[in-house]
Amino acid sequence: MLERMKIIADLHIHSRYSRACSKAITIENLEKYARLKGVGLLGCGDFTHPEWIKEIRSKLTEGDDGVLRTSSGFPFLWQTEISLMYKQGGKGRRVHHVILAPDGESASQFTDELSKIGRLDYDGRPIFGFSSVELMDMLLSISEKFMVIPAHVWTPYFGALGSKSGFDSIEECFLDKSKHIYAIETGMSSDPAMNWRLSSLDKYALVSFSDMHSFWPWRMGREATVFDVELSYDNIRGAIRTREGLLGTVEVKPDYGRYHFDGHAKCGVVFSPEETVKHHGICPVCGKALTVGVLYRVEELADRAEGFRPDGARDFSTLLPLSEIIKGVFGVSQLASKRVWSEYYTIMKGFSSEFEVLMDATRDQLLGVTSEKMVDAIMRGRNNEIYVKPGYDGEYGVPVFDDKVGDVEDGKKKDVDVVNDEPKKMQKGLDDFCS
Ligand SMILES: [Zn+2]
Ligand SMILES: [Zn+2]
C-alpha cells in the first residue's frame, strides 16, 4: 500500500503545441524540469491537441488510479486548458478554465465532443464560443468526476473575475453550475491573503500553478499546490473538493505577476490603485483606459479589510525562483544568461531540488556551495524580504537588490552573454542534474 505523502503539484502547464510555447517542451523535459524544481506531480497539459495526445499516449502509461506515469514512474494527471469567448448579461466574456479529467477515456470523449464543434489542432489551448455553463454541462454528461478550475481568475483579459471581460463572482460565471466548482486558481498576481478579502470566495479552495508556457525551467513550479494524500486522481479531487489533504500553496510575491499594478506598458505608465483612481482610470500619455490590474480589482470586489483570515484558510509560502535571486545578486539584466545558469547548477549540485534550496537548506549547507552574499539573498527570499517592483499591463515585476551593480562594472558594460535562442548550456545542466 502506498503511503500518504507530501506532493508539490503543478497542474496547469502547456505543451509545445500551445501558442508561444517552446519546442523543448517534451514529456522527457517536463519530467526533468519537475525533478530539478522539486515538483512531484504535473498536469499533462493540452490533452485536446491531436499531436500532443499522441505523445502522451506513447510516452506515458495510465493506471487505474487515473495517474499517467513515465517509464521511470514520474506521475502526471490528465489536464488541459480551454479559452471561452461568449456573451452573457449583455457583455462580451473571455475566460480560461483549467480542466482535470479523471481518466484517458473521459479525456478522449471530451476531445471528441469539442472536435464536432470546432478545430483543435491550431493551439493547445483552443478557443470556443460556448459558455462556462455549457462547458460544465458537457463535462458532467461525460463524467461527474471532471474538475473545472477557473484559471488565473484575476487576470484582466482572461480571468473569470478579471476587470476587462470577467464576472463579479464565480456564481455569476457558472450560474447554477457553480456548485460543481471546488477551487479557483489565484494566478501569479494575487496571493491567498488577497483572495481572503472576498467572503464570496470562502467556499472555494485556493490553488496555484505555474501556467508554464516556455522552455525555461524557472517557469515550472513558480507557483504550486501542496497535497498530502496517497496519489490518485480521486484523492487529489477529494483534497481539492474538501480541502482535507490540501496543505496549501507555494506562491511568488504577487508584485512579481504581470498584472499586479495598473498601467500601460507601451506608454511606460505604472500606477498603484490609488494613482489610477486619481487619474480616473485614464492613461495620461495616450488618453485611453488603463489596464486595471489585480490589486485594484481585488479592492473593488473585496468586502473585508486587509489582513482578514477566514477559518480553515491554508498556509502559503512566498518564494522567488532561485534563478531570479542569482540574477539579482549578480546584478545582470537577463535571466537567460550563462552566468546565472552556471551558478544555478553549481548550487543545485549539493541538493535534491530547487525547493530544497529555497525552503529547507541550512545556512551552513548553502555556504558549502556558494558565496555568503548569495546565501544571504536566498535566506531573504525564504523570509519574503526581497522587494519586487510591481508588474503591470503584461510586464513581469522585477525583484530589486539593494547592492545591485547592474551590467555596468568599473564604468564598463559587462558582457551579458545571453543564451536566448539556444539554451543548450541550460539543457546540459539539466541533463547532468538528472543523470
Ligand atoms: Zn490561461
Ligand atoms: Zn497609454
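# Briefing: helix packing and loop residues in a predicted chain

The protein chain has an average pLDDT of 91, and 92% of its residues score at least 70. Here pLDDT is the predictor's confidence in each residue, on a scale from 0 to 100. Residues 404-422 fall below 50, and this stretch has 27 contacts in the model beyond near neighbours in sequence. Two residues are in contact if their C-beta atoms, placed from the backbone, lie within 7 Å. Where pLDDT is low, the predicted coordinates should not be read in detail.

This is a predicted model: local features need pLDDT of at least 70, side-chain atom pairs count only at pLDDT 80 or more, and totals for chains, interfaces and linings use all residues. Residues are numbered from 1 along each chain as its sequence is written, while chains are lettered from A and ligands numbered from 1 in the order in which they are written.

- Helices (H or I, at least four residues) and strands (E, at least two) are DSSP runs, numbered from the N terminus.
- Helix 1 spans residues 27-37, and eight of its eleven residues are buried, so the rest of the structure largely encloses it.
- A residue is buried if 20 or more other C-beta atoms lie within 10 Å of its own, exposed if 12 or fewer, and partly exposed in between; C-beta atoms are placed from the backbone.
- The buried residues of helix 1 are Ile27, Leu30, Glu31, Lys32, Tyr33, Ala34, Leu36 and Lys37.
- Glycine 38 follows helix 1 and has a positive phi, near 100 degrees.
- In helix 7 (residues 233-242), the buried residues are Tyr233, Asn235, Ile236, Arg237, Ala239 and Ile240.

- Two packed helices are described by the angle between their axes and the distance between the axes.
- Axes are lines fitted to C-alpha atoms, for helices over the stretch in contact, and angles run from 0 to 180 degrees between N-to-C directions.
- Helix 3 (residues 104-117) and helix 4 (residues 132-142) have axes that come within 10 Å and cross at roughly 135 degrees.
- Helix 3 and helix 4 are therefore oblique to each other.
- Angles under 35 degrees count as roughly parallel, over 145 as roughly antiparallel, 65 to 115 as roughly perpendicular and the rest as oblique.
- The crossing of helix 3 and helix 4 is right-handed.
- A crossing is right-handed if the near helix is turned clockwise from the far one by less than a right angle, and left-handed if anticlockwise.
- Helix 3 contributes Ser106, Gln109, Phe110 and Glu113 to the contact, and helix 4 contributes Met138, Leu139 and Ile142.
- By class, this contact of helix 3 with helix 4 has four nonpolar, two polar and one charged residues.
- Ala, Val, Leu, Ile, Met, Phe, Trp, Tyr, Cys and Pro count as nonpolar, Asp, Glu, Lys and Arg as charged, and the others, Gly among them, as polar.

**Helix 10 and its partners**

- Helix 10 (residues 322-330) packs with helix 11 (residues 338-348) at about 120 degrees, with the axes 9 Å apart.
- That angle makes helix 10 oblique to helix 11.
- Helix 10 passes helix 11 in a right-handed crossing.
- Leu322, Ser323, Ile326, Lys327 and Phe330 of helix 10 meet Arg339, Val340, Glu343 and Tyr344 of helix 11.
- The residues of this contact between helix 10 and helix 11 are five nonpolar, one polar and three charged.
- Helix 10 and helix 14 (residues 372-382) cross at roughly 130 degrees, and their axes come within 10 Å.
- Their crossing is right-handed.
- Ile325, Ile326, Gly328 and Val329 of helix 10 make this contact with Lys373, Met374, Ala377, Ile378 and Gly381 of helix 14.
- The contact of helix 10 with helix 14 divides into six nonpolar, two polar and one charged.

**Loop residues**

- Glycine 118 lies in the loop between helix 3 and strand 7 (127-128).
- Glycine 118 is exposed, with 12 other C-beta atoms within 10 Å.
- Leaving aside neighbours within four places in sequence, glycine 118 is in contact with Pro126 and Phe128.
- Histidine 280 sits in the loop between helix 8 (273-278) and helix 9 (294-301).
- Histidine 280 is exposed, with 8 other C-beta atoms within 10 Å.
- Phi of histidine 280 is near 50 degrees, a positive value in a residue other than glycine.
- Aspartate 393 is in the loop between strand 16 (388-389) and strand 17 (398-399).
- Aspartate 393 counts as buried, with 22 C-beta neighbours inside 10 Å.
- Phi of aspartate 393 is also positive, near 45 degrees.
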